[in-house]
Amino acid sequence: MDARVRAPELRGRRWLNTGDRQLTLADLRGRVLILDFWTFCCVNCLHVLDELRPLEEKYGDVLVVIGVHSPKFEHEKDPAAVAAAVERYGVTHPVLDDPELEMWQQYAAKAWPTLCVVDPEGYVVATMAGEGHAEGLTRLLDELIAAHEAKGTLHRGDGPYVPPAEPATTLRFPGKALALPDGKLLVSDSARHSLVELAPDGETVLRRIGSGSRGRADGGPADARFSEPQGLCLLPPHAAEVAGYDLVVADTVNHLLRGVRLATGEVTTVAGTGRQWRSTVDDHAHDARSVDLSSPWDLAWYDDRLIVAMAGIHQLWWFDPVKRTAGTYAGTTVEALRDGPLPDVWLAQPSGLATSVDGRRLWLADSETSALRYVEDGELHTAVGQGLFDFGHVDGPADRALLQHPLGVCALPDGSVLVADTYNGAVRRLDPETDQVTTVATDLAEPSDLVLTTDGGVVVVESAAHRLTRLAPGALSAAGASTVDGQRRRAERPPTDLAAGPVTLEVIFTPAPGQKLDDSFGPPTRVTVSASPPELLLEGAGTGPELSRRLVVNPEVPAGVLQVVAQAATCDADAEHAACHLTRQDWGVPVRISGVGADRLPLILRGLDT
């Protein structure tokens, strides 16, 4: 590379996982650095954490990963919430808390997640957006290690990571729960990679299913392994009898569905290969054990089959435990908010599901659009929510109400629905008859699910408090509810100034070392461009194979968001049995139109903007 870019100094509010040590680039000189710009709401960022784990293990004496936490939501600026997320997701490297996005701007990040690679001499040598870069990073690391070992600029040794102490609690970041027919409660104890059966009091542990260690293994309750399990769903008796198990678990980080026989605690894999989905959308039924999944987060029985909130690719899927097949139910993988007939709708990290008592509606918490949505008669509708960047704590008419990254829903017998409004620390209620949203509980620690118990009560999974909490008697009555008129917020990232008129969009992609673009199945690259509002673009919207595109920006629209989805297919070069790779990223770029704006918009999928 001709132009060498010196890495900007690392500065932020505080460091985590360093034993209170303040790190500088000088402290890290001689090591290869990967700066991981992430935020804990983002499922794609969580995927990257898992992609980096094997690299950290393999190159532990020469590689230092630095997580740079760059928040989207207001709640993610809370230092206690950041520390909790670092523990929740098993982050085993230093994390720099960057609440004002200073490092984000210094390193020119434009998407969650973004990775920047810094060589042992302190120069940025690669930037990549999105996920799926593990193979390319491996090749790049091998090249850098060999080159700098030869130059004498590589220093091996222990890294700066210092593990925090783990408090002793019965549960650790529980995710979801359900009520068993006998009144007991079953909880996914996500950070302890297991299921816990509790007595009806919600506190007394009766048994644990799963060894408690992260992994993937079928077997009895002491031997089975999960990886950050989330959603749980009991099968109807007729389906359970044929399937041979009673309960399905969304084994999120393993990208699997697991079946559990409650009588014995025996765990079996019922859907997924364990590989993360990186394919193309189709409407076919697939053998459930041969199809790839992507971060299944919650489950509900609806439309005579199991519906899966496939958070990792912004879709709903279906699974038939009797026929042992699975396929796409709703969504195109575009991360945004668009209603209409299934499946051609847009979702954004659906994370909570609940079926109405009459079976007609499937309610869903669409977390990244801070929305409450529902499926009915083959169409998706939005009851509450404005889009990817609008959130807050506002009650009142549903079309004005705002949530903040909800993760759970619970349908009540009277037709209303409760929402675990996670980042507001609240439980909200929508009454479809009056179309009004109210607040029924506050001051909760990241509530992630709600359960209607067999005695008619409601239990809240208070995830960041590591416990289940019962709603107070009367909380669901009119007298118990309150109306909150809080701030209306937007995810504020520094906008990119663009000129009105012609603008060149350039998606920069350089194949990883040892790879080449793969045109075996058609054009190897694809770019889709849209805008919010649509009037922002006079020309240039749509899909095509070119990485460079002429846009025409409307001078009458002062600001908006450009939505760009890019993917590139590559394969190993000069290999007899070449492996295939797909790199994909969505950008929602806030733009401001001004007389001094740029006439070029570069977005880095992989490489450097030179």
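Me: What volume of space lies in the largest pocket?
Reply: The largest pocket holds about 770 Å³ of space. A pocket here is an open set of points on a 1 Å grid over the protein atoms alone, with protein on both sides within 12 Å along at least five of seven lines. Grid points are joined across faces, edges and corners, and the volume is the space filled by probe spheres set on them. This is a predicted model: local features need pLDDT of at least 70 and side-chain atom pairs 80 or more, while totals for chains, interfaces and linings use all residues. Residues are numbered from 1 along each chain, and side-chain values use heavy atoms, without hydrogens and water.

Me: Which residues lie nearest its centre?
Reply: L178, C233, L353, A354 and T355, out of 27 lining residues, meaning those with an atom within 4 Å of a point.

Me: And how does that lining split by class?
Reply: The largest pocket has 20 nonpolar, four polar and three charged lining residues. Nonpolar means Ala, Val, Leu, Ile, Met, Phe, Trp, Tyr, Cys and Pro; charged means Asp, Glu, Lys and Arg; the others, Gly among them, are polar.

Me: Switching to cavities, how many are there?
Reply: Six of 30 Å³ or more turn up in the whole structure; in a cavity, a 1.4 Å probe fits but cannot get out.

Me: What classes line the largest cavity?
Reply: Its lining has 11 nonpolar, 13 polar and nine charged residues. N44, H314, E335, Q585 and D586 lie nearest the centre of the largest cavity.
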